[in-house]
Amino acid sequence: MAEQRDIKYVAREFSDYKQELVEFAKNYFPDSYNDFSPTSPGMMFIEMAAYVGDILSFYQDTQIQETFVQYAKDPGNLYNMAYMMGYRPKTTNVAEVELTVTQEVQAVPGAGPNWDQALVVQENAVITSNFQGQTQFFIDNKIDFTYSSSFDPTDVVINELTNGVPSKFLLSKKVKAFSGEIKTVTETFSEATKFNTITIDDTNIIGILDITDDTGGSTNKWYEVPFLGQDTVFVDKANAGADANKVPNTIELQKVPKRFITRFTSNGNLQIQFGAGTNSQDDNTFTPDPTNVGLGTLQGINTIDKAYDPSNFLYTQTYGLAPSNTTLTIRYLVGGGVEANVPANTLTGYSATSTAVDTTTQSTLAFNNLLPARGGKDGDSTEEIRQNALRSFAEQKRTVTLQDYSIRALSLDPKFGTVSKVFITQDQLTSTKSSTDSIIDSNPLALSMYVLAYDNEKKLIPATPSLKENLRTYMAYYMPLTDALNIKDSFVVNIGVTFDILVRPNFNSRDVLVACTNTLKEYFNISKWNINQPINISTIYSTLDRVVGVQTVSKIEITNKQGGIYSEYAYDIEGATRNNIVYPSYDTMIFELKYPDQDIKGRTTSL
């Protein structure tokens, strides 16, 4: 019978292995070998074995370490785990800047600017810096001088007078520009290959701009998706409704058999992967296949109670089309880095297409950056990839909590209309006779999303029908199937503020009043207020007390403004005030200081 030996695998270092081997030899082979001096041949073999154990332990620890994103050091492993956790590493960071775009138009006598001359600068306009290196920037959205909203206003000023009458006007817009240069490559495909992958070998790649094939028509575009199993993307179409001036586009969820995914490698290259299907077997329509469910195994074991993956139940063999017998034109963006942080007043060059009446009108366009471009830097470091991947894992694109719903609604692209305020609550009142968007619902299990929008002057208004429809389409993509969502208008209560202050000696009363008024304007800036947020009068006292020159705030009064140019809803401010806090009503509402210049009134008093 073999002897039972107590072997412990605890020691991991060279010295520990050596000591354990020496002890092992002394205990189990005392008569065979007893020369443990450093120069003995036996110690040489013991040290060689300890060395091998030390190296194997090192590789074992390293392999285990590389399986955890918190401790992995190899860039290749980090990139793979980052994508697995939903984070897309950056190989470069683009610089961002706000551009002032102006256009000069002729005046129509007695009618203001000639809007027929207003231009529409198409997407991906290229702006070049006159600074060293001539860094290129691009504008990803079109610039429409004929359109104006609170988030995309068109400012109009008189640019030239003739005999005291305006003869020319200057139209201006503020737009965001990003550092990047558009490059183009072509790839030719013969036979369809499953999950065909190509690599763009370049430096400082930002991402894919678009991919088109040579089939022509509106179906020649390929769409980028997060993963090949996703067969739908959001597309925009021009809004032909009456609220087109507030919501320029409508959003639609469109199935796209022509799709691809991209992935950066640790050396900065960009891989593009396509699906596995051919033109005769795309997965444009997903249909549950009953033959794949509940049939059990060949051994007769029934699997009707098995937990199925929905992506397998909606069975597909293709995950999108694989390109075949075609040539793809791939446009991608490169740029970013520290050198993209160009100084102010250097982005003046322009290269793009515009919808214009004539070339003379197009030549009146001008671009400039009043502030320097910032944000350009190298790609993510190892630690940044690690931390961003951990953060991204908690930011799954799902709407589960009330906060998820709010954040997702506010993420709607402005070209589909802008949601300025969102409040989510679970419905508690029910009525079987309810047929309108009132506060009383016919579905007690639904969530109510109260929303508001901005007008061109950034005043709160109800969301337009197109905005609600866009929001409904957008939210449905992220919502659980069992959730119901009612999108409604929140009430707006307009207020005014009056205050009395005592000014310190040697201070100009008028200057202190102006400073207090400006402080209240900033405090009641509608961008900082949310639906159902109360007004804390004690905080207003403290805010005014900190204004230079104010000795004492003797009185602050909140009043209701209702009717006419204000909201139609009246509110009992005095009855809603408890302990210096003005509480909102049970019905969702928001306080708005609509016209600060006339609704804030202050005066100085004496002791």
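## Contacts across the chain

In this protein, 73% of the contacts with a separation of 6 or more are between residues 24 or more positions apart. Keep in mind as you look around that this is a predicted model.

Gln-396 and Gly-86 lie 310 residues apart along the chain, but their C-alpha atoms are separated by 7.6 Å.

## The whole protein

Let's step back to the overall picture. The secondary structure comes to 11 helices and 33 strands. Of the protein's 607 residues, 39% count as buried. The protein exposes about 34,100 Å², and carbon and sulfur atoms supply 51% of that area.

## A closer look at Gln-396

Where is Gln-396 found? Look in the loop between helix 6 (382-393) and helix 7 (402-410). The relative accessibility of Gln-396 is 33%, so this residue counts as partly exposed; the label covers values between the buried limit of 20% and the exposed limit of 50%.

## Helix 7 meets helix 8

Two packed helices are described by the angle between their axes and the distance between the axes. For helix 7 and helix 8 (residues 465-478), the axes come within 10 Å and cross at roughly 130°.

Which residues make the contact? From helix 7 come Tyr-405, Arg-408 and Ala-409, while helix 8 brings Leu-471, Tyr-474, Met-475 and Tyr-478. Sorted by class, this contact of helix 7 with helix 8 has six nonpolar residues, one charged residue and no polar ones.

## Helix 9 meets helix 10

Further along the chain, you can find a second pair to explore. Helix 9 (residues 509-523) and helix 10 (residues 537-545) pack with their axes 10 Å apart, at an angle of about 135°. Helix 9 is therefore oblique to helix 10. Their crossing is right-handed.

On the helix 9 side, the contact is made by Cys-516, Thr-519, Leu-520 and Tyr-523. Helix 10 contributes Thr-539, Ile-540, Thr-543 and Leu-544. How many residues of each class does this contact of helix 9 with helix 10 hold? There are five nonpolar and three polar residues, with no charged ones.

Notes
Residues numbered from 1 in each chain as written. Predicted model: local features only at pLDDT ≥ 70, side-chain atom pairs only at ≥ 80, totals over all residues. Heavy atoms only, no water. Axes fitted to C-alpha atoms, helices over the stretch in contact; angles between N-to-C directions. Helix = DSSP H or I, 4+ residues; strand = E, 2+ residues; numbered from the N terminus. Parallel < 35°, antiparallel > 145°, perpendicular 65-115°, else oblique. Left-handed = near helix turned anticlockwise from the far one by under 90°. Contact = heavy atoms within 4.5 Å. Nonpolar A, V, L, I, M, F, W, Y, C, P; charged D, E, K, R; others polar. Buried < 20%, exposed > 50% of the residue type's maximum accessible area, 1.4 Å probe, protein only. Areas by Shrake-Rupley, 256 points an atom, 1.4 Å probe, with all protein chains shown as cover.
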